[in-house]
Amino acid sequence: DSGVTQTPKHLITATGQRVTLRCSPRSGDLSVYWYQQSLDQGLQFLIQYYNGEERAKGNILERFSAQQFPDLHSELNLSSLELGDSALYFCASSVATGTSGTLSTDTQYFGPGTRLTVL
Amino acid sequence: AQKITQTQPGMFVQEKEAVTLDCTYDTSDQSYGLFWYKQPSSGEMIFLIYQGSYDEQNATEGRYSLNFQKARKSANLVISASQLGDSAMYFCAMREGRIPRGSQGNLIFGKGTKLSVKP
């Protein structure tokens, strides 16, 4: 158990709908990352939050958005869903408090993932 | 641009034998971290081992060791005494390190190697 929790574990919805995925980081971790894993694209970084602020964006679609709340949990909102959005969505967390030059040592721990199926 | 290459889509190993999973990377940064994750069929991503670019010794964690050859830009994972429970997808990932505190630090993943352990 990594200490990162994600809900729900499975989500089945229809095209055009909107869903919210939730993530609670490990105790003490300030940074939350969202990744998407699909068969054709592999594991791709979507977005990172650090202590409530957006820090980096990857290949995140405009239909997707995220936020990190004061209690550090994060939500990923996916709207106008398409069949191609079906994937496994991971949240990861890390301390991310290393000084300059040492952030590479910061290990990300992944949650169990939310498997989204869009029908 | 950062890139991770895992050239072995699938591998078989006999139980109790050792196996090496290949990973090569490409980065122009001098400070970076290399990670290996395991993804069983259940889907979760499990952190296995970390190697920093400035670490002089190869990392080890139990039955896992990392054969780090900086000049060749390779970071191969060695699993000793394979067990049936080692059957899974294995992902190599990299993170560039010379980043200010709390700033972006997402992982770049390879496409993975599927390891099957035969009894």
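This is a predicted model: local features need pLDDT of at least 70, side-chain atom pairs count only at pLDDT 80 or more; totals for chains, interfaces and linings use all residues.
Let me begin with Asn77(A), which, once its neighbours within four places in sequence are set aside, is in contact with Arg18(A), Val19(A), Thr20(A), Arg63(A), Phe64(A), Ser65(A) and Gln67(A). Asn77(A) is found in strand β8 of chain A, and because its relative accessibility is 6%, where the cut-off for buried is under 20%, the residue counts as buried.

In chain A, four strands form an open sheet in the order β1-β3-β8-β7, with antiparallel pairing. The edges are taken by β1 (5-7) and β7 (64-68) of chain A, each of which has a single partner strand, so one side of each is left without a neighbour in the sheet. From one strand to the next, the twist averages 15°. Between β7(A) and strand β8 of chain A, residues 74-78, there are five bridges, and the two strands run antiparallel; within this arrangement, Phe64(A) stands opposite Leu78(A) in β8(A).

Let me turn to the aromatic residues, of which the structure holds 16 pairs over all chains. Tyr35(A) and Phe110(A) form a tilted pair, with 5.4 Å from centre to centre and 35° between the planes. Tyr35(A) lies in strand β4, residues 31-38, and Phe110(A) in strand β10, residues 109-110, both of chain A, so the pair ties together parts that are 75 residues apart in sequence. Both of these residues, Tyr35(A) and Phe110(A), are buried.

Phe110(A) also forms an aromatic pair with Phe90(A), this one edge-to-face, at 5.8 Å centre to centre and with 80° between the planes. Here Phe90(A) belongs to strand β9, residues 87-94, of chain A, and Phe110(A) to strand β10, so this pair ties together parts that are 20 residues apart in sequence. Phe90(A), like Phe110(A), is buried.

What do these rings belong to? Tyr35(A), Phe90(A) and Phe110(A) are members of one aromatic cluster, which also includes Phe35(B), Tyr37(B) and Phe109(B), among others.

Finally, in chain B, Arg63(B) lies over the face of Tyr64(B), at 5.7 Å from the ring centre.

How values were computed
Residues are numbered from 1 along each chain as its sequence is written. Chains are lettered from A and ligands numbered from 1 in the order in which they are written. Side-chain values use heavy atoms; hydrogens and water are left out. Rings of Phe, Tyr and Trp (its six-membered ring) pair if their centres lie within 6.5 Å; planes under 30 degrees apart count as stacked, over 60 as edge-to-face and the rest as tilted. Buried means under 20% relative accessible area, exposed over 50%, partly exposed in between (1.4 Å probe, protein chains only). A charge sits over a ring if NZ of Lys or CZ of Arg is within 6 Å of the ring centre and within 35 degrees of the ring normal. Two strands pair if DSSP finds at least two bridges between them. Axes are lines fitted to C-alpha atoms, for helices over the stretch in contact, and angles run from 0 to 180 degrees between N-to-C directions. Contact means heavy atoms within 4.5 Å.
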